[in-house]
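Open the structure in your viewer and keep the selection tool ready. This tour goes from aromatic rings to a pair of helices.

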Amino acid sequence: MTRNHYLDLLRVLAILLLVPNHAAGMFAPLSPIPFPIEAWAVLIVKAIMAWEMPVVMLIAGWAMKKSIEKRTVRQFLVERRDRVLYPALFILLVCVPLEAAMLGNWQVTMAHGWFLVYLIAFSLMIVAIPA
């Protein structure tokens with residue numbers, strides 16, 4: 001199987017756009033830090049979010065399909081455990097409490113780790129669905 005470099009580039013660009021998106025998000029509604037709302041920031045966030053996460057999800061799904069095609073179900077689940085579940089648990093058990101302590105907001109959420117939770121769910125679904 002050959003690597004699709006155009007998908008790698010698209011994934012890199014989408015991930016890199018997370019930086020300006022999150023930076024502008026600090027000046028958009030629903031920011032955890034009360035900066036004044038700026039129209040330019042709302043525009044940036046809306047422009048990027050309209051396509052960024054759907055593209056990232058599409059690429060993740062494609063990569064997951066390719067991954068399970070060249071592994072047994074057990075190998076696939078072990079890989080998902082090591083590459084997705086453990087980082088998700090680290091975020092939940094270490095990062096979320098640290099962020100809550102710094103912001104003084106003790107609502108427990110996966111915050112920026114939500115994507116990993118989705119990947120775990122999709123991984124379990126893909127092995128449950130017959131090929």
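Start with the rings: the count comes to 3 aromatic pairs, where rings of Phe, Tyr and Trp (its six-membered ring) pair if their centres lie within 6.5 Å. Planes under 30 degrees apart count as stacked, over 60 as edge-to-face and the rest as tilted.

Select W114 and Y118. Their ring centres are 5.3 Å apart and their planes stand at 90°, so this pair is edge-to-face. Both sit in helix α6 (residues 114–128), 4 residues apart, or about one helical turn. Helices here are DSSP runs (H or I, at least four residues), numbered from the N terminus.

Switch to accessibility. W114 is partly exposed at 34% relative accessible area, and Y118 is partly exposed at 41%. Partly exposed lies between buried (under 20%) and exposed (over 50%), with a 1.4 Å probe and protein chains only.

Next, select helix α4 (residues 52–69) and helix α5 (residues 73–103). Their axes, lines fitted to C-alpha atoms over the stretch in contact, come within 9 Å and cross at roughly 135°. Contact (heavy atoms within 4.5 Å) is made by M64, S67 and I68 of α4 and F76, E79 and R80 of α5.

A note on the model: it is predicted, local features need pLDDT of at least 70, side-chain atom pairs count only at pLDDT 80 or more, and totals for chains, interfaces and linings use all residues. Residues are numbered from 1 along each chain as its sequence is written, and side-chain values use heavy atoms, leaving out hydrogens and water.

Note on methods:
Axes are lines fitted to C-alpha atoms, for helices over the stretch in contact, and angles run from 0 to 180 degrees between N-to-C directions. Helices (H or I, at least four residues) and strands (E, at least two) are DSSP runs, numbered from the N terminus.
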